[in-house]
Amino acid sequence: MPQTVAVLGTGKIGEALLSGMIRAGWRPADLLVTTRRPDRAEKLRDRYGVEAVTNAEAAKSADILILAVKPQDMGTLLAELAPHVTPDRLVISAAAGITTGFIEDSLADGTPVVRVMPNTPVLVDEGMSVISAGSHATAEHVGHAETIFGGVGKTLRVPESQQDAATALSGSGPAYFYFLVEAMTDAGILLGIPRAQAHDLIVQAAIGAAVMLRDSGEHPVKLREAVTSPAGTTISAIRELENHGVRAALIAALEAARDRSRELASGNG
């Protein structure tokens, strides 16, 4: 695409998108970045050959603006952008809990907005980005977002009403797996396996299980049952997981994450 793209707030996620676009064939000359710190701007210029500008300059010259700031900083950023963003721009938000309506109300009438919830595996090109169109965004606008975020993983279109649930499942999802690996590593140490070895065993088991889930097309119940022999070790472990309410705890945790996303959207940060 010939458009100029600006990444506003080029932290870890913003830099991952930037590097993904360059690997996908975007010219550094067509990419702009903004950041608060001059030393960070210099590093991005040296690393990627892109131009670092102010938020106002980005709004004036870029065709697509990717807002990659923290949710609590979005109001301030939009106030800075509003005098310069015209309805022929595409605004893509990657901030958790911020609705397209909130952004549309802050910018010129008719400005197309697309909401995206990526997760941190975009840093290794294995992210999942959930995409929703605002009231003025067309299929072409959503396609632009898919092209950009597809360079760092997979994308999925959902109605915006499902974004809070998607944030709980996917946006926060990697943290749940890290938490589980941490707990299993501690269990391995308790069982007498050195930490480094326990970590390697669990991480490889997680990678293998994920690939089987992705590539086999089988329901997770069938894959679990294939490991669960009668009166064996696995069923004994699963019984304890059920006895301790792990399934119910996961459901409650996801509901809490969804509710927090709703709170962020309502401004109760």
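What follows is a chat about salt bridges, a surface patch and helix packing.

Reply: Ground rules: this is a predicted model, where local features need pLDDT of at least 70, side-chain atom pairs count only at pLDDT 80 or more, and totals for chains, interfaces and linings use all residues. Residues are numbered from 1 along each chain as its sequence is written, and side-chain values use heavy atoms, leaving out hydrogens and water.

Me: How many salt bridges are there by the rule used here?

Reply: A salt bridge is a side-chain nitrogen of Lys or Arg within 4 Å of a carboxyl oxygen of Asp or Glu. Counted that way, you get 18 salt bridges. Take Glu15 and Arg40, whose closest N and O atoms are 2.7 Å apart. Glu15 sits in helix H1 (residues 12-23) and Arg40 in helix H2 (residues 38-48), so the pair ties together parts 25 residues apart in sequence. Helices here are DSSP runs of H or I with at least four residues, strands are E runs of at least two, and both are numbered from the N terminus.

Me: Are Glu15 and Arg40 buried or exposed?

Reply: Buried means under 20% relative accessible area, exposed means over 50%, and partly exposed is in between (1.4 Å probe, protein chains only). Both Glu15 and Arg40 are buried. They also belong to a salt-bridge network with Arg47.

Me: What about the salt bridge between Arg262 and Asp259?

Reply: Their side chains meet at 4.0 Å, N to O. Arg262 and Asp259 are three residues apart in helix H12 (residues 246-265), so about one helical turn separates them. Arg262 is partly exposed at 44%, and Asp259 is partly exposed at 34%.

Me: Which residues make the nonpolar surface patch?

Reply: Patch residues have over 30% relative accessible area and no salt bridge; like charges are joined within 9 Å, and nonpolar side chains (Val, Leu, Ile, Met, Phe, Trp, Tyr) within 5 Å. Areas come from the Shrake-Rupley method with a 1.4 Å probe, and for residues only the protein chains shown count as cover. Here Leu241, Val246 and Leu250 make a patch of about 240 Å². Leu250 lies in helix H12 and is partly exposed, at 47%.

Me: What do the buried residues of H7 pack against?

Reply: For packing, look at contacts, meaning heavy atoms within 4.5 Å. The buried residues of helix H7 (residues 163-171) include Gln163, Ala166 and Ser170. The buried set packs against strand S6 (113-117), strand S7 (127-133), helix H8 (173-190) and H12.
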